[in-house]
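Subject: Structure for your review

Dear colleague,

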Amino acid sequence: MKFSGPRNKTIRNALGWISVIVCFFITNRTTKGKENLPKNGPYILAPNHISLLDPFVLHSKHNRPTTYLMAEDLEDLGWKELWLPWLYGVLLVNRKNLKPSTVKTTQKQIEKNEPICIFPEGTSLGEGLRPLKDGAAYFATKNKIPIIPVALSGTETIAPKLKKLQRARVEIQFGTPILPKDGDSTTLTTEKIEKSLRKMLPNKYL
């Protein structure tokens with residue numbers, strides 16, 4: 001399945017509203033901190049990652065055309081897992097060797113004042129919060145834009161609950177914006193993201 005990058009805003013707006021409707025029926029969501037989302041300009045969403053459905057659920061409450069970055073090796077998944085990211089349009093990222101073309105395209109989307117979603121753990125496999133990578137901090141530091149840490153919980157229960165015709169309990173919490181200061185390193189900024197996520201997440205996700 002070939003990924004072509006972000007689709008036009010009309011398509012992504014339509015899919016955003018579909019995510020709102022579908023998530024209303026399959027989840028019981030609690031949302032906190034939406035007032036922390038900037039009203040204008042670009043910013044980085046930095047959620048923890050526990051399920052392949054995380055972007056879909058997050059988008060149902062963020063619901064603004066967003067550039068999502070997805071690990072390149074996830075292309076090995078089946079079409080059932082990949083058709084929605086393909087339809088929405090995501091940027092594929094090589095987690096071991098970030099390609100200049102990926103940096104350039106992400107930078108272009110930032111210059112269009114578009115939010116960027118980067119899962120700093122880099123994977124949705126395993127349990128507990130894994131060491132964060134510096135991608136979110138890099139783009140925020142380079143462009144002097146805020147990072148919004150996002151704590152997701154319960155998304156890993158959606159598929160099992162759906163098989164039982166039950167709604168999963170999901171919580172989405174948008175944290176206090178982190179704005180890198182002059183002289184801040186990407187490592188320091190990444191540490192701030194991790195500290196914020198650990199503060200918001202239930203113990204079972206740490």
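In what follows, a residue is called buried under 20% relative accessible area, exposed over 50%, and partly exposed in between, with a 1.4 Å probe and protein chains only. This is a predicted model, in which local features need pLDDT of at least 70 and side-chain atom pairs count only at pLDDT 80 or more, while totals for chains, interfaces and linings use all residues. Residues are numbered from 1 along each chain as its sequence is written, and side-chain values use heavy atoms, with hydrogens and water left out.

Salt bridges

The structure holds 6 salt bridges, a salt bridge being a side-chain nitrogen of Lys or Arg within 4 Å of a carboxyl oxygen of Asp or Glu. One of them joins the side chains of Lys32 and Glu171, at 3.9 Å from N to O. Lys32 belongs to strand β1 (residues 27–32) and Glu171 to strand β7, so this pair ties together parts that are 139 residues apart in sequence. Helices (H or I, at least four residues) and strands (E, at least two) are DSSP runs, numbered from the N terminus. Lys32 is partly exposed, at 41% relative accessible area, and Glu171 is likewise partly exposed, at 24%.

Another salt bridge is formed by Glu121 and Arg130, at 3.2 Å from N to O. Here Glu121 counts as buried, with 5% relative accessibility, and Arg130 is buried with a relative accessible area of 15%.

A further salt bridge links Glu194 with Arg198, whose closest N and O atoms are 3.0 Å apart. Both residues lie in helix α7 (residues 186–200); because they are 4 residues apart there, about one helical turn separates them. Glu194 is partly exposed at 24% relative accessibility, as is Arg198 with a relative accessible area of 35%.

Surface patches

Patches are made of residues with over 30% relative accessible area and no salt bridge; like charges are joined within 9 Å, and nonpolar side chains (Val, Leu, Ile, Met, Phe, Trp, Tyr) within 5 Å. Accessible areas come from the Shrake-Rupley method with a 1.4 Å probe, and for residues only the protein chains shown count as cover. Lys and Arg count as positive and Asp and Glu as negative, whereas His and the chain ends are not counted; the place of a charge is NZ of Lys, CZ of Arg, CG of Asp or CD of Glu.

Lys9, Lys104, Lys108 and Lys112 form a positive surface patch. Among them, Lys108 lies in helix α4 (residues 100–111) and is partly exposed at 45% relative accessibility.

A nonpolar surface patch consists of Ile21, Phe24 and Phe25, which together have about 360 Å² of accessible area. Phe25 sits in helix α1 (residues 9–26) and is exposed, with a relative accessible area of 59%.

Cysteines

The search of the whole structure finds 0 disulfides, a disulfide being a pair of cysteine sulfur atoms within 2.5 Å. For Cys23, the nearest cysteine sulfur is that of Cys117, 14 Å away. Cys23 is buried at 0% relative accessibility, and Cys117 is also buried at 0%.

Backbone

Two residues deserve mention for phi. Asn63, in the loop between α2 (54–62) and β3 (67–71), has a positive phi near 45 degrees and is not a glycine. Leu165, in the loop between α6 (158–163) and β7 (168–174), has a positive phi of about 60 degrees although it is not a glycine. Asn63 is partly exposed at 21% relative accessible area, whereas Leu165 is exposed at 80%.

With kind regards
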